[in-house]
Amino acid sequence: MKSEKGITLIILGIYVVVFSIVIALLASLSSYIYNNLGGISDSSIDAVEFNKFNMYFVEDVKTNKQALVRKLADDNNREFIQIAFPDGDVYTYTIGDDSIYKNNQKIAKDISDFNAEGFLKGDKMYIEVSIKIGTDEETNYNKTIDYVLKYWWFERR
């Protein structure tokens, strides 16, 4: 009998089984990666929202010596937190709106919880801001910061 070199039916079956296993592993790995990408992108977006608020707020804190922090209610009995500076800048967080506004311009969104308190310690005025950013089901960013208002000044002679 003549020796024929080629692919036999058994080897063809082994190739099909091995490639099927490899494709199944790649499909499950790809599915796992794509399902977890949503959580990664949400947390980075939440940090960006905090950074936008922080950028505006630090600028006002460092240029003002006083601030008025109040918890108020509007005509529809919706509660809101207001931080007003003497130079006219006002930050507002309406409970349930999930956004922070500076002078009626939205600067941060997806804020699940926001609280601010002003207090005086020695000759320095502080504003303590607690912020939670994310959805109601999952808070991705939680931060509490004490901002020190301007307490120094330079005299020109």
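Is Ser99 buried or exposed, and what is its relative accessible area? I looked this up before anything else. Ser99 is buried, at a relative accessible area of 3%; buried means under 20%, exposed over 50% and partly exposed in between, using a 1.4 Å probe and protein chains only.

**Ground rules.** I am working with a predicted model, where local features need pLDDT of at least 70, side-chain atom pairs count only at pLDDT 80 or more, and totals for chains, interfaces and linings use all residues. Residues are numbered from 1 along each chain as its sequence is written, and side-chain values use heavy atoms, with hydrogens and water left out.

**Around Ser99.** I placed Ser99 in strand S4, residues 99–102. Strands (E, at least two residues) and helices (H or I, at least four) are DSSP runs numbered from the N terminus. I then listed the contacts of Ser99, setting aside neighbours within four places in sequence: Thr92, Tyr93, Thr94, Lys106, Ala108, Lys109 and Ile111. Contact here means heavy atoms within 4.5 Å.

**The sheet.** I traced five strands in an open antiparallel sheet, ordered S1-S2-S3-S4-S5. Two strands pair if DSSP finds at least two bridges between them. S1 (68–73) and S5 (105–109) are the edge strands, each pairing on one side only. S3 and S4 run antiparallel and are joined by three bridges. Thr92 has Tyr101 in S4 as its bridge partner.

**Aromatic pairs.** I counted rings of Phe, Tyr and Trp (its six-membered ring) as paired if their centres lie within 6.5 Å, with planes under 30 degrees apart stacked, over 60 edge-to-face and the rest tilted. The count comes to 10 aromatic pairs. For Phe53 and Tyr91, the centres are 6.2 Å apart and the planes at 85°, so I noted the pair as edge-to-face. Phe53 sits in helix H1 (residues 9–61) and Tyr91 in strand S3 (residues 90–94), 38 residues apart. Both Phe53 and Tyr91 are buried.

Phe57 and Tyr147 are also an edge-to-face pair, with 4.8 Å between centres and 75° between planes. Phe57 is in helix H1 and Tyr147 in strand S8 (residues 139–148), so this pair ties together parts 90 residues apart in sequence. Phe57 and Tyr147 are both buried. Ring pairs link these residues into a cluster: Phe53, Phe57, Phe85, Tyr91, Tyr93, Phe114 and Tyr147.

**Last stop, Asp123.** I found Asp123 in the loop between strand S6 (111–121) and strand S7 (124–134). Asp123 is exposed, with a relative accessible area of 62%.
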